[in-house]
Amino acid sequence: MDIRLTVQGEVHNIAQESLSLRRWLVHNPPVISSAEVSFPRSTRVGAQPGLSLEEINVITQNAFSFAALVVAIDTWRRQRKGHPPVTIECQEVRVRLSEGTPEETEEAIRSLNALPSEPPVPHVPSDDGSAGDGSTGDDATEEPDDAC
């Protein structure tokens, strides 16, 4: 599962704050034990080749504790001057940690935990006209392809 973190704040401090948050996360055993934390490659048009320090990628391969991630970010925020807000994006969910309240933390964890463990896979018919799941599509009980 791909999770994107974005630190907000003064433009001249964004890279420094992102570096600090990444360092904090890679030294946090509950986070790093089940995730890879990195900076993505820059994809901006006209940007110099290299790393993009505006955001942090967290990539998980197995069961992952969103609670550990949210608590780690919230703890980092409390220790930083100005308590920079952090946005967490995963699939269709986007949460922003900016207040530092227990309610905000709980709501962020609840929203992220509601995500399916794997992103939904769209139905794509195979080349032979079957449904791609071994069936031939001839079963009269199947719903039409345009059904939701």
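Before reading the handedness I noted the convention: a crossing is called right-handed if the near helix is turned clockwise from the far one, and left-handed if it is turned anticlockwise by less than a right angle. The model is predicted, and I kept that in mind throughout.

Entry one, the helix pair. I found that H3 passes H4 in a right-handed crossing, and that the axes of H3 (residues 66-79) and H4 (residues 102-113) come within 9 Å and cross at roughly 145 degrees. On the H3 side I listed Phe66, Ala67, Val70 and Asp74, which meet Thr105, Ala108, Ile109, Leu112 and Asn113 in H4. I sorted the residues of this contact into six nonpolar, two polar and one charged.

Entry two, H3 itself. I read 14 residues and a reach of 20 Å from the first C-alpha to the last, close to the 20 Å expected at 1.5 Å a residue. Among its buried residues I noted Phe66, Val70, Asp74 and Trp76, and I saw that the buried residues of H3 pack against strands E1, E4 and E5 as well as helices H1, H2 and H4.

Histidine 83, in the loop between H3 and E4, has a phi near 45 degrees, a positive value in a residue other than glycine. Glutamine 91, in the loop between E4 and E5, likewise has a positive phi, near 50 degrees.

Note on methods: Residues are numbered from 1 along each chain as its sequence is written. This is a predicted model: local features need pLDDT of at least 70, side-chain atom pairs count only at pLDDT 80 or more; totals for chains, interfaces and linings use all residues. Side-chain values use heavy atoms; hydrogens and water are left out. Axes are lines fitted to C-alpha atoms, for helices over the stretch in contact, and angles run from 0 to 180 degrees between N-to-C directions. Helices (H or I, at least four residues) and strands (E, at least two) are DSSP runs, numbered from the N terminus. Contact means heavy atoms within 4.5 Å. Ala, Val, Leu, Ile, Met, Phe, Trp, Tyr, Cys and Pro count as nonpolar, Asp, Glu, Lys and Arg as charged, and the others, Gly among them, as polar. The expected span of a helix is 1.5 Å times one less than its number of residues. Buried means under 20% relative accessible area, exposed over 50%, partly exposed in between (1.4 Å probe, protein chains only).
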